[in-house]
Amino acid sequence: MSDESKKQLNRREFFSFVTVGWVAFTSAVAGLASLAFRYSYPNVTFDPEMDFIAGFPADYEEGVDERWKNGFGVWMVKQEGKLVALSNICTHLGCVPNWLPAELKFKCPCHGSGYYMNGINFEGPAPRPLERYKIALTPEGKIKVDKTKIYRYEKGQWDHPDSYLSV
Amino acid sequence: MAKKGVADYIRETQVWKSIFRHGPPTDARNRAAVVAGNVFLHLHPIKLKRSGVQLGYTWCMGGLTFFIFLALTVTGLLLMFYYRPTAEYAYNDIIALKEHVPLGIMREIHRWGAHAMVITVWLHMFRVFMTGSYKPPREFNWGVGVVLLILTLLLSFTGYLLPWDQLAIWAIAVGSNMAKATPFLGHGGPGAALAQIGDFVMVSDKNDVRFQLLGGRFVGEPALLRFYILHCVFIPLVVGVLIAVHFWRVRKDGGISAPL
């Protein structure tokens, strides 16, 4: 280092540069770290479809219909003049209960939660009833089930007109 | 002067001297040099109290845990040669590991080792607690050990999904729904309802910790890949670093504690 440049950069200025440099470096690393965090949330996922056409209301008989259980995770339950789309996800910890026709109940194999045919829980650790999905008629008279809209019994949402179909 | 044996001639070769830069460990200085001059052993305390390494005092649980960790690393590496973490292949590869490969017990060794490591980690923690080895100056190392315990459990949890059978999928469904119930970070947890302004939901099933863990809203193929990478690369790397810190701090905090 020449004598001239020594005069140009004194001790105080040197530390100013070092401080600016470290602040820039640290913020760059922090920015990259937050980008890496955002990287773990993909913009596109390949989850199953959230809505589907479930045929005509006349296709269903009184009781529990399991035809959409494997594809979409929905039981169609027709009872007392109402057709509802019941979620098949246990409200305890998210397993899939089985419909036991002989005992007229949904029974979860993971921890033993039990639900009546209408989805109300009555045994085991489940804290609340099964959820209903939005159910509506298309202009052609077909049933459309929309799983992005959820209706919860304990919130009094089962009276909502979109939560059942009068048949 | 004693007669020279074959061992003495070997010790005088340049090959030997280039590898071991100290004399035979017959005196205190060379015994210390054996430990301090070896990249693997230098994490180990140079001197130990005889009473401190009694089996009745340590139960050798820390050492057993480390041995099982090494065994799991080796068996896990061997399993990776045959296992593909995709929905199409994962389950069949697990079957093939038993049916199509010599030493079909490899996966079972890995699984039993995982169970054994959880047991020895707990017993090690129990021993350290009962001998008061968490007290100053060793309190930081207790903290490192607690993190290692949690990482051990996470290794077991992430490995549980990889067979991709019903048990695995529903176990992870249950486990990730616990993540859903995390306060403020999970969309089903307390606080998620507070972080809602009108119709705008800040913590939803698309941006909470469960989504990050599973790479989606369901236990599907992205979750399998994520758990595979966490299980085989990410967590073992962190565990390896923390094990080094753990051993180093045993040395720096005064070696193994000894009975009073």
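## Helix packing in chain B

In this predicted model, α8(B) and α11(B) are roughly antiparallel to each other, a label given to angles over 145 degrees. Helix α8 covers residues 139-161 of chain B, and helix α11 covers residues 221-252 of chain B. The two pack at an angle of about 160°, with their axes 9 Å apart. Axes are lines fitted to C-alpha atoms, for helices over the stretch in contact, and angles run from 0 to 180 degrees between N-to-C directions. Helices are DSSP runs of H or I with at least four residues; strands are runs of E with at least two; both are numbered from the N terminus.

The crossing of α8(B) and α11(B) is left-handed: the near helix is turned anticlockwise from the far one by less than a right angle. Their contact holds 19 nonpolar, six polar and one charged residues. Ala, Val, Leu, Ile, Met, Phe, Trp, Tyr, Cys and Pro count as nonpolar; Asp, Glu, Lys and Arg count as charged; the others, Gly among them, count as polar.

## Layout of chain A

Chain A has three helices and 11 strands. Their order along the sequence is α-α-β-β-α-β-β-β-β-β-β-β-β-β. The radius of gyration of chain A is 29 Å, well over the 15 Å that the globule rule gives for 167 residues, so chain A is more spread out than a compact globule. The radius is taken over C-alpha atoms, and the rule is 2.2 Å times the number of residues to the power 0.38. Along its principal axes, the C-alpha trace of chain A spans about 100 × 40 × 30 Å.

## Strand pairing around β10(A)

Strand β10 of chain A (residues 143-151) runs antiparallel to β1 of chain A (residues 51-53), joined by three bridges. Pairing requires at least two DSSP bridges between two strands. A:Phe52 stands opposite A:Val145 in β10(A).

Strand β9 of chain A (residues 132-137) is also antiparallel to β10(A), with six bridges. A:Arg132 has A:Tyr151 as its bridge partner in β10(A). β9(A) and β10(A) form a hairpin with five residues between them. In the turn, A:Gly141 has a positive phi of about 90°.

## Contact between the chains

Chain B gives 12 residues to the contact and chain A gives nine. Residues are in contact if their C-beta atoms, placed from the backbone, lie within 7 Å. On the side of chain B, α9 (166-180) and α10 (209-214) each give two or more residues. The largest share, four residues, comes from α9(B). By class, this side of chain B has five nonpolar, six polar and one charged residues.

## Conventions

Residues are numbered from 1 along each chain as its sequence is written, and chains are lettered from A and ligands numbered from 1 in the order in which they are written. As the model is predicted, local features need pLDDT of at least 70 and side-chain atom pairs count only at pLDDT 80 or more, while totals for chains, interfaces and linings use all residues.

Key:
Two residues are in contact if their C-beta atoms, placed from the backbone, lie within 7 Å. Angles under 35 degrees count as roughly parallel, over 145 as roughly antiparallel, 65 to 115 as roughly perpendicular and the rest as oblique.
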